[in-house]
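Look at the model below before reading on. The text then goes from single residues to the whole chain.

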Amino acid sequence: MKELTVKELYTLHETIAKDIFEGVVYPWEVLSKISSFIIELGEKLPADEYDKVGDNVWIAKSAKVFSSAYINGPAIIGKGAEVRHCAFIRGNAIVGEGAVVGNSTELKNVILFNKVQVPHYNYVGDSILGYKAHMGAGSITSNVKSDKKPVVVKALEEQIETGMKKLGAMLGDEVEVGCGTVLNPGSVVGKQTNIYPLSSVRGYVPANSIYKKQGEVVERSIL
């Protein structure tokens, strides 16, 4: 289903990780490659723009990282990014240019495109967030099913077996997720879609839409 593809969801020139998507159809296919990709890319980053700190952690000189934040490698923190008080980056994380990782936000095995905001009490794991995607306070990606079975991505009448036990959410460019929302395992949200606060999202949500609740999704008027 083309709506679930990398091409439909993301603007690849808005991430330092664009090469990881080469030859890939669905975005979740890159999740297992993030760690090795960061290590390879990190060694090539210009020393006049990035500092290597600790084990496989590269932080742009222009990034602002609070002293109380914890960053475990492999990780790359992009130019002008902000990692705030008590952020917890567990590893395998690419934080894009101008992105915000907020207080008490936890990241694990993720790619945040440029200008993504996860600013308040968010958990983002095994997920990819597109350019300017924003998650409201307390919204999270759930990345493991309660029965621990492999995640199936469901869209309309199609079901894609991923074979992955850990798979969070794929958010397209400029997606807005309301406060307190849970993005269930294997959720895919198309570009420029708004998710109402306190939602429980499953499966595919089309681009340019407003998700009010399960079964109630309307077209969004783009001004």
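Start with a cysteine: Cys86 has a relative accessibility of 36%, so it counts as partly exposed, because that class lies between under 20% for buried and over 50% for exposed. The model shown here is a predicted one. Cys179, at 40% relative accessibility, is likewise partly exposed.

Cysteines raise the matter of disulfides. A disulfide is a covalent bond that links the sulfur atoms of two cysteines. How many disulfides does the structure hold? The count is zero.

Next, turn to one pair of strands. Strand β24 covers residues 209–213 and strand β25 covers residues 216–219; the two run antiparallel and are joined by four bridges. Within this pair, Ser209 lies opposite Glu219 of β25. The two strands make a hairpin, with two residues between them. Gly215 sits in that turn and has a positive phi of about 90°. As a general point, side chains in a regular strand alternate between the two faces of the sheet.

Now step back to the whole protein. Its secondary structure consists of two helices and 25 strands. The radius of gyration is 16 Å, close to the 17 Å from the globule rule for 223 residues, so the protein is as compact as a globular protein of that length. Along the principal axes, the C-alpha atoms fill a box of roughly 50 × 40 × 30 Å.

What share of the 223 residues is buried? Buried residues make up 51%. The protein exposes about 10,200 Å², and 49% of this comes from carbon and sulfur atoms. Of the contacts with a separation of 6 or more, 30% are between residues 24 or more positions apart.

Key
Residues are numbered from 1 along each chain as its sequence is written. This is a predicted model: local features need pLDDT of at least 70, side-chain atom pairs count only at pLDDT 80 or more; totals for chains, interfaces and linings use all residues. Side-chain values use heavy atoms; hydrogens and water are left out. A disulfide is a pair of cysteine sulfur atoms within 2.5 Å. Buried means under 20% relative accessible area, exposed over 50%, partly exposed in between (1.4 Å probe, protein chains only). Two strands pair if DSSP finds at least two bridges between them. The radius of gyration is taken over C-alpha atoms; the globule rule is 2.2 Å times the number of residues to the power 0.38. Contact means heavy atoms within 4.5 Å. Accessible areas come from the Shrake-Rupley method with a 1.4 Å probe; for residues, only the protein chains shown count as cover.
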